[in-house]
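Please read it beside the sequence and the coordinates.

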There are 2 protein chains.
Amino acid sequence: MSLYRRPLPEDQIPLSSSAGRRLFGEAMEAGGMESFFPLIEHFHTQAEPSYCGPGSLVMALNALHIDPQRTWKGPWRWFHEEMLDCCKPLEKIRAEGISLPEMICLARCNGVEAVGHFAEESDAAALSADIWRCARSGGAEVLIAGYARKALGQTGDGHFSPIGGVHPDGQVLVLDVARFKYPPHWLRLEALFGAMSAADPATGRSRGWMCLRPMAELPVPGRSCSG
Amino acid sequence: MSLYRRPLPEDQIPLSSSAGRRLFGEAMEAGGMESFFPLIEHFHTQAEPSYCGPGSLVMALNALHIDPQRTWKGPWRWFHEEMLDCCKPLEKIRAEGISLPEMICLARCNGVEAVGHFAEESDAAALSADIWRCARSGGAEVLIAGYARKALGQTGDGHFSPIGGVHPDGQVLVLDVARFKYPPHWLRLEALFGAMSAADPATGRSRGWMCLRPMAELPVPGRSCSG
């Protein structure tokens, strides 16, 4: 069986739809889309079906203008998933995905300060405050959400994606890196927090989110990580 | 020598800058951004330094919701450059790039009607009319520009990228697929037409543009092409 995309659950609103674009305009007026353009410039399809974590990181690292200090192809220094070889071997990520603590390690290895939050130790108000701060930062800080798709009525389960903006009525814009599956969509912040509260079998803890911004000093590329 | 991005020539305006976002808002009001969201959802980094043509096509094919009728990875049917194996061998494209006639062939092989225009047989008014029609189509039709970067004061030379929108004052938004080099940027339509008028050494003809929309009937995948 092969698949061409998936329909979104009915309570989630595709960005390109007229309702999605109306929310975009209103959120822009309210100051909740200041990071949208810097992020969407680097919107990216995860390179493997299990690379939602590294794919979200690639998007954040390029949007934050982190210089990888090593070349991708030709003369160009640029982040691609295959360059994120730290903390957890890529073949293991390909087989089993990546957890929030491993994502934090991988982010720090590549030049960003990463502050992680587990939903079980936090609340929706804290998530909202972080989403608004990142959304207002003009691309200086990026938030990646880690959540259970099942809890949202989406197919599949553990997933990461960057948040592209926020509407004052409590809708957040998920820039889903599984672009072969779902378009970018608005969903309710409370629903997102609920989907972060589900346990991740890999850690025995809840899922959550991370906030990323450039480190004052770049790490040495290829250094061993504490991870 | 390795490179981390390039500065844009001063007369070109990054979309994320305050001037770029002002143009975006004005162009949206004027109806010139109706295809922006469907396109930006599939904004893509060309997979190889010489893949500006295939990279632009991947973006157009996914934005036009063409089902490739074959799988990419896992169960997912989705376009990636490595699947565009028609008209010209990928290793040849990797070595020498691709011309406008070859792009038209490659587009038709993959399920889109492609109408090409050489600048030498056309004029800026015709380009403007096509850009406006595609920009107003709500993502139903995509325009890919083929031009000489040199003529715009950019580094490098022959290049393809999709056009993401148009402003009534004559600025067009180039969604540059060489995202490791330049951010999406506004430039003057007349300057773009001028950069299409330069000769392509591969064909001895000028460069130009192509308009793409889904075929009424999908081609048989992997069929031989008329070249």
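## Model and confidence

What is the mean pLDDT of chain A, and what share of its residues reach 70 or more? The mean is 95, and 96% of the residues of chain A reach 70 or more; pLDDT is the predictor's confidence in each residue, from 0 to 100. For the complex, the predictor gives an ipTM of 0.95 and a pTM of 0.96.

This is a predicted model, in which local features need pLDDT of at least 70 and side-chain atom pairs count only at pLDDT 80 or more, while totals for chains, interfaces and linings use all residues. Residues are numbered from 1 along each chain as its sequence is written, chains are lettered from A and ligands numbered from 1 in the order in which they are written, and side-chain values use heavy atoms, with hydrogens and water left out.

## Symmetry

Chain B is superposed on chain A by a rotation of 180° with 0.0 Å of shift along the axis, at an RMSD of 0.0 Å (least squares on the C-alpha atoms of residues with pLDDT of at least 70 in both copies). This is the relation of a two-fold axis. Of the interface residues of chain B, 100% are also interface residues in chain A, so the copies meet through the same surface.

## Nonpolar core

The largest nonpolar core has 90 residues, and L212(A) and L212(B) touch the most other members. Such a core is a set of buried Ala, Val, Leu, Ile, Met, Phe, Trp, Tyr and Cys residues joined through side-chain atoms within 4.5 Å. Buried means under 20% relative accessible area, exposed over 50%, and partly exposed in between (1.4 Å probe, protein chains only).

Leaving aside neighbours within four places in sequence, the contacts of L212(A) include L57(A), L64(A), V112(A), V142(A) and I144(A), where contact means heavy atoms within 4.5 Å.

## Strand 3 of chain B

Seven of the seven residues of strand 3 (residues 142-148) of chain B are buried, so this strand is largely enclosed by the rest of the structure. Helices (H or I, at least four residues) and strands (E, at least two) are DSSP runs, numbered from the N terminus. V142(B), I144(B), G146(B) and A148(B) point one way, and L143(B), A145(B) and Y147(B) the other way. In a regular strand the side chains alternate between the two faces of the sheet.

Strand 3 of chain B pairs antiparallel with strand 9 (residues 208-214) of chain B over five bridges; here I144(B) has M210(B) as its bridge partner. Five bridges also join strand 3 to strand 4 (residues 158-166) of chain B, again antiparallel, with S161(B) as the bridge partner of A145(B). Two strands pair if DSSP finds at least two bridges between them.

## Cysteines

There are four disulfides over all chains, a disulfide being a pair of cysteine sulfur atoms within 2.5 Å. In C86(A) and C109(A), the bonded sulfur atoms are 2.0 Å apart. C86(A) lies in the loop between helix 3 (52-63) and helix 4 (90-96) of chain A and C109(A) in helix 5 (residues 100-109), so the pair ties together parts that are 23 residues apart in sequence.

C87(A) is joined to C105(A), S to S 2.1 Å, and this link is left-handed, with -85° about the S-S bond. C87(A) is partly exposed at 26% relative accessibility, whereas C105(A) is buried at 11%. The disulfides of chain A follow the pattern 1-4, 2-3, with bonded cysteines counted along the chain. C52(A) is in no disulfide; the nearest cysteine sulfur, that of C87(A), is 16 Å away.
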